[in-house]
Amino acid sequence: MRPAEYTSRPYVLKTARGSLRGTEYCTPSGEPVVYRFARVPYALPPVGARRWRRPQPVPSDFSFDDHAGQPGDYTRFGPVCPQPQYPHGQALVDNAAAAAPVDNVQDEDCLYLNIWVPAGRAPTDAGGWPVQFHIHGGWLQVGNAMQDHTHDPFDLVKDVAPRVIVSPTYRLNLFGFLGGAELASLGEEEAPSNFGLWDQRCALEWTARHVGLFGGDPDNITVGGLSAGANSTFFQLNYDSALPASQRLIKRVYLWSNAVAIQPNPTPSPALTSQFDELCSLFDVPRSATAAEKVARLRAVPFGDLVAANTRMKMHTFRSSTDGAFILPTFLSSLHNGALTTRLARNGTSVLLGEVRDEKELYKFVNPPSDYAGLLLQLANYYPKPVLEALLNVYDLPPRDSTDAAAWAEVFSQMVADSQVHASIRGLTHLLLNPPPGNPNVRALPQSSVHRYRIAWRAESVDNWLKPEVGICHGGDMPLWWATAWRQDFQEKDKLATKKFLAPFTQFLRGEHVSWGCTGEDRVRLLDTDGEVKENVKDDLWERGMQVFNTVWEAQKGPVAKDTSLESRL
């Protein structure tokens, strides 16, 4: 996309905890629009002995000032978690008019927040600006905290609706989700792994405590994200919903192109232990070494070498695991028996979730298989074995001896798009609105608290920026949600269509009544191919999505731990 049309100048925000020197972004005529404060620390650097440990929050007496007592420098983005290079950028058109990419530095010292604050006085009648806490996507392997042009919210705040936006960097890939029996056996944490999820929670707690200093309303926080950010959000919601009322922070969530239909592998499972062993083997760590020796050796490896090794691994994808603390063994059964839905209903939680028409097209670019063995390997990087085996029976696969790489990439991308997005979103919608009957303690969410959408529209000008053959692919809707599509040569009619689609999302963020217009679980609010918003549209993918969702559940419900909270706690 093109560069944003704004001017900038220094801006100092004075707070009770010191002063921040950030950046004020203005219209070309000089009208202030938004302030940005970047690289705000929320936890101590997770380096050295703190690698593969839960985040340690910044001291309670921290100050925004620098060491000389002057306003601290929050003008530049901080480092992002070290990460491999993913080829999803191949979906973009090489356009000479595009803004130069943001050069993000990688470093393990990456636990920072970026904060955008609307210019002008915060609304006093509502307790401050609504707060949008955005968790970035990227397969849990790559990504950044809105440190790119696609997520720059300048035009969103200027032309659509003001809100405080907070986005954290968090640990990814092996830095954030390494597991295995030997790491667990050290007993360094009550439940090791899921460090990236704990980072997100730490950042959310920092936000709830301090966003008032930026004019945000700490009692009106919406959490959400795209893809892995939506997946993370659902785990965050599950964790938050079970806390005492005084500790709950999440009022509502938005899930863009992802939900959760899988009980993750246990942290000490053979699958994650094998992944840990594979990593050790790449650094010649003896199998005979003790668990403490192995972890010590890995902690001494420079982060760049770990990233390079990650790209050579067969099991290259590090995901969240069932650790017994953030993700309980009963997580999935609590979703399917109505316990989680009941908690959300009692907490008054609202959920917005949905998808784009051509989700699968992006998955063809990232680790696509070229044969049957490759399909099994890449699916194993996503799913536990019982789920993988069940999914193979739902799809028409090429002959096992086929060497048609395009055919294997096609079926792989459809399987992942269904399991990660289409099926999980429909299954979750069903369980939120129509949890299993038969238990008098079960409560459903009202239709007014569940809002599902589908985006099928692609403006003509997008052809200059996103390859036509990928359609409106996974992540291709981000320029709409952040109004950065303005910089993709949107015409005025395109901007109006976008604003109309986003209007109820603004109501959602504010905690107002949402004018969504849907009357059942199989109905969606559709941004159609012609750019028109259509309400209460029958979902023609409902049955197929539920078939895949139910197949995935049937493969897991035997061994998954049973949730009994409806009888004992609710």
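Author: Happy to! Let's start with the second largest pocket, which is lined by 34 residues, with Arg-319, Asn-381, Tyr-382, Tyr-383 and Pro-384 nearest its centre. This is a predicted model, in which local features need pLDDT of at least 70 and side-chain atom pairs count only at pLDDT 80 or more, while totals for chains, interfaces and linings use all residues. Residues are numbered from 1 along each chain as its sequence is written, and side-chain values use heavy atoms, with hydrogens and water left out.

A word on terms: on a 1 Å grid over the protein atoms alone, a pocket is an open set of points with protein on both sides within 12 Å along at least five of seven lines, a cavity is a set where a 1.4 Å probe fits but cannot get out, and lining residues have an atom within 4 Å of a point. Grid points are joined across faces, edges and corners, and a volume is the space filled by probe spheres set on the points.

The second largest pocket holds about 600 Å³ of space. Its lining has 19 nonpolar, 12 polar and 3 charged residues, where Ala, Val, Leu, Ile, Met, Phe, Trp, Tyr, Cys and Pro count as nonpolar, Asp, Glu, Lys and Arg as charged, and the others, Gly among them, as polar. At least two lining residues come from each of helix 5 (228-241), helix 6 (270-281), helix 13 (385-392) and helix 14 (405-433); helices (H or I, at least four residues) and strands (E, at least two) are DSSP runs, numbered from the N terminus.

Arg-319, Asn-381 and Tyr-382 turn up again in the lining of the second largest cavity, along with others including Tyr-86, Trp-139 and His-316. About 40 Å³ of space lies in this cavity, and its lining divides into 4 nonpolar, 5 polar and 1 charged residues.

Now follow helix 14 to another partner. Helix 14 packs against helix 17 (residues 542-554) at about 95°, with the axes 8 Å apart; that makes the two helices roughly perpendicular, a label for angles of 65 to 115 degrees. Axes are lines fitted to C-alpha atoms, for helices over the stretch in contact, and angles run from 0 to 180 degrees between N-to-C directions. Among the residues that meet are Asp-418, His-422 and Arg-426 in helix 14 and Trp-542, Arg-544 and Phe-549 in helix 17, contact meaning heavy atoms within 4.5 Å. By class, this contact has 7 nonpolar, 6 polar and 3 charged residues.

Note on methods:
Angles under 35 degrees count as roughly parallel, over 145 as roughly antiparallel, 65 to 115 as roughly perpendicular and the rest as oblique.
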